Amino acid sequence: MLFVFLFSPEKIEACASFKTFLDLLVVNDICFRVSIELRYYFSVQFAEGFSFLMFASGGAGMADKGVSSVPSTNPSWLLRSNPLVQWRFRVLTALVFVGMVGVWSIDGFSVKNVIESWRFKREFLGRRFNVQLVKPTNLTREIHQNFINNLNTTIFLLPQQNTTHTPTTSSSSPPSYSILNNDDNNVSAQNYSDGFLEKRTERESEEAKLKWVPTDLNPNFTSEDSSVSAQSSSEEFLGKPKVYESEANVKWVSTELDPRLTSKLLSRWFARGGEPCRNLRTVDIVIPGLDGHDSIELSAGNTHEFIFQAVDESKNPRCLGGDYFETDLSGVAWKSRPLIKDFGNGSYSISLQVHPEFAGDYHLTVILLFRHFEGLRFSSKRFVYDKELRKVQIRFIKAHYRLPQLQICEKSDFTRDLWVGRWTRLGKNDDCEISNDGRYRCLEPYFPCQSPWCDGSLGLLESNGWVYSSHCSFRLFSADSAWNCLKNRWIFFWGDSNHVDTIRNMLNFLLDLPEIKSVPRRFDLIFSNPKDASQSVRITSIFNGHWNETQNYQGFNSLKDEGYRNLLKKYFSEDTVPDAIIMNSGLHDGVFWPTIRKFSGGVDYAVSFWKEVIDSVKQRGSIVPQIIYRTTIATGGYARALAFNPNKMEAFNWVVLDKFRRAQLLSGVIDNFDMTFAWHFDNRCNDGVHYGRAPAKMKWKDGEIGHQYFVDLMLAHVLLNALCAR
C-alpha cells in the first residue's frame, strides 16, 4: 500500500525513527491519528519548509498472513533483499518527480489548504477595534464617546506643542523660503542628442526585433504609429537617435488599459515560450541608446523612448517578457516613474519626459524587482531579485518644445484608468524641522501654488513644496472649500486600512477636526463643521480586508460571508443611499489568492455583488451613487518583496479596473498606485503598507524620528477633486 503525506522537516525526522508508528498528521490545525506499518520512506523537500513523505506499508492483511516487520531499520537492506520493494521504489521515485513538477507549476496552490495558515504571519500594522456600528449622530454629541474609547493604546503622549501654523526652524531667526521656478537650472539649447522616437515605426520595430530576438521565434511585434519615416538601417537605428517630431505634435506621455487585459495577462502567465531562450533568466539589460555613456543630454519637453533588451548572465537575449522593472527619474524638483512597455518578446521600452520648466540634471534608475511574472506568485518572497541595473545621469536641456498646459481636473478627467503623473517641487524651506506633534509645517499655510501644477495653498499639504499632478492638476482645499464640497453628502468607503488613514487625515487636515485622533475600521457617523453647524457630512467606512473587522487577509473573498454581504446591502436598501462609493482592494487579496487566475474569479464575484446592489437602487428609482475606484498603493521598502509586492498590486489593479469597467460600474478612477510609486523605494513616506499613518515624533520604520505623511494628504485632496468636480 502506498501512502503520500505532507510533513514539515521536523515531522519527517520524527517519522524516520519508527518502523511501526503512531503519529499525528496536522492539516489546517486538524489532527488525524494514523497507524502504519512502515516498510521504508522517501521524502523530497519542496516549496518553503514542507516535504512529501512517501512510504510503503504491508497493509491490514499482512499481519493475518504472519508477515512480521523487518528486523533491520536500514532501508538499503530491503532494497537488496526484495525485488518487489526495488520495483516499488522506482515507481515511487517517478511519482515523486511528477508530483514535484505539478506542485511547482502552480507554485504551491495544490497544497494551499494545508500550508496557508502556517505560511503567513500577519504583516499589517493596522489598528484593531472592537466597535459596534452606531446610528449616525451629530459629531458634537457622540464623536468623543465613540472614538476616544477606541484610541490606539500604542500612541505615545507628546509634550505640549505650539499649534500655530508657523514653520519650525532650527534658529530663532525668521525662516527663509525658496520659490523654485527652475529658471536658474535651465540650460540653453545647444548641440544635443535626442532619445528614440515617441512611437516607433513598423520598420524600426522590426530592426530592433531582428537585432535582439532570434528570427525563428517570429514574435508578433506591431507598431502603433507609421506616420514617421523609418531609419535606413539597424545600425542607424541603434546609433545616435534623430529628431522626427515637430513642436506641434509634442504631448504628455500617456498609456491606456488594454480592453482585453485580463485574458491577455492570463495567456502570458501560462505562455511557455520557445527554444532556445525560454529557460534563460534575466540578470541584466542592454540599452543601446544609454549604455557606454557616463551622462547624456536630452531635450526637455519631448518624449524620449529607448528600446532595451533583457539578457541572461552570458548576454543571451530572452524571448519572453514579464520582467518587472522599477523606474525612477529624479531631480531636485521632479520625481516621476518613467513608463515601461513590455513587448512580450524580451524587449522593452522606457519613455523619459521632463517639462521644460524643470530642465536640469537628473538621475534615471532602473531596478529589476521580479523576473517573468514571479512577483505574481503566491510565495513571491522566494523569487525577489531586487537588483539595480542602471543609474544614468541625464541632463535635460531647455529646447523649443511646448507641452499642452495642464488644466484643473474636471469630472471627465477621472474616467482615465491609468495615470502617468509626476511630483514637482514648487518651494522649500531648508531649515524645516519636525514639530513636537510630528508634523512638518515647513511652508506658511497660505504659501501659494504655481499654475499649472496645482491651485490653492501649497503650504496646507505639509510637503515642503512637493505636489502631484498627472494629465490634469488638482485643487488643494482649505477647510471652508472642503466643507462646501462635502456638505450634506453621504460618502461610503469600502476598502482596506489605507482608507482608515485617509479618512482620519481628511478629518484632521481638510475638515479642521484635529480632535479626532483615530477612526475604527468600521463606523457610520455624521460629522459637523465646527464653524457652521448647518454643514455636515455623513461618512460610512466598512473594512474589506476580512468580514470580521478584527482580522485580515481576505480581500474580495470577504464577500463570501453572507452576514457581511447583508451588512453592505443594508446601506443601499433604504430610500436614502450614499452619494458616492470610494472603494479599493488589493493588499489583503495579495495574501489570500494563490494565483492571478483565482483572483480574477474573486473579482468576478465582487463585480456581480456590486452590480446586484446598484441594480436594486435603480429599480427603486433612487439616484445611483457614483463609484470611484482608488487603486491600491505601491507597497514600500521591505514590503516590495512580500505577497503584496508592487508587481502583484499593479496587476491586481489592472484586473479590477478591467472587470469593473466592462460591467459599467465605475464612474471614476484615482490612480493611487501611480501617486505613491515615486516614494515607495524606501520607508520614509510609508511603513511598508500605509502612506497615511498619523504624524508622531517618534522612531519610524527607517530608524529616523518622524515620517512624511503628505502623500496620503495629497490623496485626500484628490478624492475631494473627484467628488466635487463638475
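K315 sits in the loop between β8 (304-311) and β9 (324-331). This lysine has a positive phi of about 70°, although K315 is not a glycine. The model is predicted. Its chain holds 17 helices and 25 strands. Of the 726 residues in the chain, 56% are buried.

- Most residues other than glycine have a negative phi, and most peptide bonds are trans.
- Look for D386 in the loop between β13 (360-370) and β14 (387-397). D386 has 38% relative accessibility and therefore counts as partly exposed.
- A cis peptide bond links S451 to P452. Omega there is about 10°. P452 belongs to the loop between β16 (427-428) and β17 (454-455).

**The loop between β16 and β17**

- R441 lies in this loop, between β16 and β17. Is R441 buried or exposed? R441 is buried, because its relative accessible area is 5% and the cut-off for buried is under 20%.
- The R441 side chain has polar contacts to two side chains. One is with the side chain of D437, at 2.7 Å. Another is with the side chain of S435, at 3.5 Å.
- N429 is another residue of the loop between β16 and β17. At 2% relative accessibility, N429 is counted as buried.
- A polar atom of the N429 side chain lies 3.0 Å from the backbone oxygen of C442.

**Strand β11**

- K341 is in strand β11, which covers residues 339-342. With a relative accessible area of 24%, K341 is partly exposed.
- K341 and E305 are 36 residues apart in sequence. In space, they are 9.8 Å apart, C-alpha to C-alpha.

**Packing of α11 against α17**

- Two packed helices are described by the angle between their axes and the distance between the axes.
- Helix α11 spans residues 497-510, and helix α17 spans residues 710-724. They pack at an angle of about 80°. Their axes are 9 Å apart.
- How are α11 and α17 oriented, parallel or perpendicular? They are roughly perpendicular to each other, because angles of 65 to 115 degrees count as such.
- On the α11 side, the residues in contact are D501, T502, N505, M506, F509 and L510. On the α17 side, they are D712, L713, L715, A716, H717, L719 and L720.
- By class, this contact of α11 with α17 has 8 nonpolar, 3 polar and 2 charged residues.

**Nonpolar core**

- The largest nonpolar core has 160 residues. Which residues have the most contacts inside it? They are W494, F527, W610, F660, I670 and M714.
- Helix α17 gives this core its largest share, 12 residues.
- W610 has contacts beyond its neighbours within four places in sequence. The partners are F492, W494, L568, F572, I581, M583, F660 and L665.

**Contacts along the chain**

- What share of contacts between residues at least 6 apart in sequence join residues at least 24 apart? The share in this chain is 75%.

Methods
Residues are numbered from 1 along each chain as its sequence is written. Side-chain values use heavy atoms; hydrogens and water are left out. Axes are lines fitted to C-alpha atoms, for helices over the stretch in contact, and angles run from 0 to 180 degrees between N-to-C directions. Helices (H or I, at least four residues) and strands (E, at least two) are DSSP runs, numbered from the N terminus. Angles under 35 degrees count as roughly parallel, over 145 as roughly antiparallel, 65 to 115 as roughly perpendicular and the rest as oblique. Contact means heavy atoms within 4.5 Å. Ala, Val, Leu, Ile, Met, Phe, Trp, Tyr, Cys and Pro count as nonpolar, Asp, Glu, Lys and Arg as charged, and the others, Gly among them, as polar. A nonpolar core is a set of buried Ala, Val, Leu, Ile, Met, Phe, Trp, Tyr and Cys residues joined through side-chain atoms within 4.5 Å. Buried means under 20% relative accessible area, exposed over 50%, partly exposed in between (1.4 Å probe, protein chains only). A polar contact is a pair of N or O atoms within 3.5 Å; within protein, one must be able to donate a hydrogen and the other to accept it, and residues adjacent in sequence count only if both atoms are side-chain atoms.
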